[in-house]
Every structure is written in structure tokens, then in C-alpha cells.
Amino acid sequence: MVSRLNPYLTFNGDARQAMEFYKEVFGGSLNLNTYGQFGQADAPNADKIMHGMLETTSGFTLMGADNPPGTEAGQGQPFSVSLSGDDDAELRGYWEKLSAGGSVSVPLEKQMWGDVFGMCTDRFGVPWMVNIVKTES
């Protein structure tokens, strides 16, 4: 297996909903495993996600989980998930879905460097940056 770097998101109890939402946005194959499946069947968090992984046909991998009992995820951590490329329709489609129900801090529009760029935070509190690379015509 080739080494790869991918985001791993942590949630306060809504990892299943978030990961299913990202599957709707990006498509692909989603695998979710609960704490109950890993030996904690009688624990109060048995139905919560211990590990989830979304792999898309575009080559994206996004992982996520609910925090272990007794801990909380901090919203607004110093990170963003960035999507970039030159497929305008594909990236605008992701933008529309990710920003729906969330908040837009930078509208998706042409920027001074020539690319179309925007920043939003989705309804689960995850910050996203979308950059559509200017193609030479």
C-alpha cells in the first residue's frame, strides 16, 4: 500500500450522520464500525462510530469517528479540509452540498490570483476550502 495523507475528523456523537452526509456529497464507499462491534457491546456508546472511512472514485479518503467516552471534540480547531482541481462542475457541486445548512465565510468566486475560491463551514462544524484552478484557454 502506498503511503497517503488524509483528514481524520472527530465528532461529538454525530459521526454517523456526518460521514453519511460526506458520502452524499462525494459518493464512494463508506465503511462504519461502532464501538459495539469492537468489544464494547454493552457500553452506552456502543452505537457510536469508533472508525469510519469514506473512499471515493475521485481518490479522496476521509476518515472520522466519535470521540471516546469522556472526551469532547473541539469545534473550530486550526484546520480546514481543502478541495482543489480544475473540474469546475464537480467542485461547484461539492461546494453547493457542503455549504448547504452551514455558513459561508468566503463566497465561491474569482479571486485576485485568478482561481475561483471559497471557504465554508458545513453543518457539522468542519471548515472547507474549495479552489477551482484557472485553466488556460
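How many of the residues of strand 4 are buried? In this predicted model, strand 4, which comprises residues 61-66, is mostly covered, with 6 of its 6 residues buried. In a regular strand, side chains alternate between the two faces of the sheet. In strand 4, Thr61, Met63 and Ala65 point one way, whereas Leu62, Gly64 and Asp66 point the other way, and all of these residues are buried. With burial taken as under 20% relative accessible area, the residues pointing in either direction from strand 4 thus fall within that limit.

Strand 4 has pairing partners in strand 1 and strand 3. Strand 1, formed by residues 8-11, runs parallel to strand 4 and is joined to it by 4 bridges; within this pair, Phe11 has Asp66 of strand 4 as its bridge partner. Strand 3 and strand 4 together form a hairpin in which 5 residues lie between the two strands, and Gly59 in the turn has a positive phi of about 95 degrees.

A further group of strands, 4 in number, forms an open sheet in the order 5-8-7-6, with mixed pairing. The edges of this sheet are strand 5 (81-85) and strand 6 (103-110), each of which pairs on one side only. On average, and with direction ignored, neighbouring strands of the sheet are turned by 10 degrees against each other. Strand 7, made up of residues 116-121, and strand 8, made up of residues 127-132, pair in the antiparallel sense over 6 bridges, and Met119 stands opposite Met129 in strand 8.

Among the helical elements, helix 1 covers residues 15-26 and has 12 residues; the distance from its first C-alpha to its last reaches 16 Å, close to the 16 Å expected at 1.5 Å a residue. The buried residues of helix 1 are Ala15, Ala18, Met19, Phe21, Tyr22, Val25 and Phe26. These residues lie on the same side of helix 1, because they cover an arc of only 155 degrees around the axis. Helix 1 is followed by Gly27, for which phi is positive and near 75 degrees.

How values were computed
Residues numbered from 1 in each chain as written. Predicted model: local features only at pLDDT ≥ 70, side-chain atom pairs only at ≥ 80, totals over all residues. Heavy atoms only, no water. Expected span 1.5 Å × (residues − 1). Buried < 20%, exposed > 50% of the residue type's maximum accessible area, 1.4 Å probe, protein only. Arc of directions from axis to C-beta. Pairing = 2+ DSSP bridges. Axes fitted to C-alpha atoms, helices over the stretch in contact; angles between N-to-C directions.
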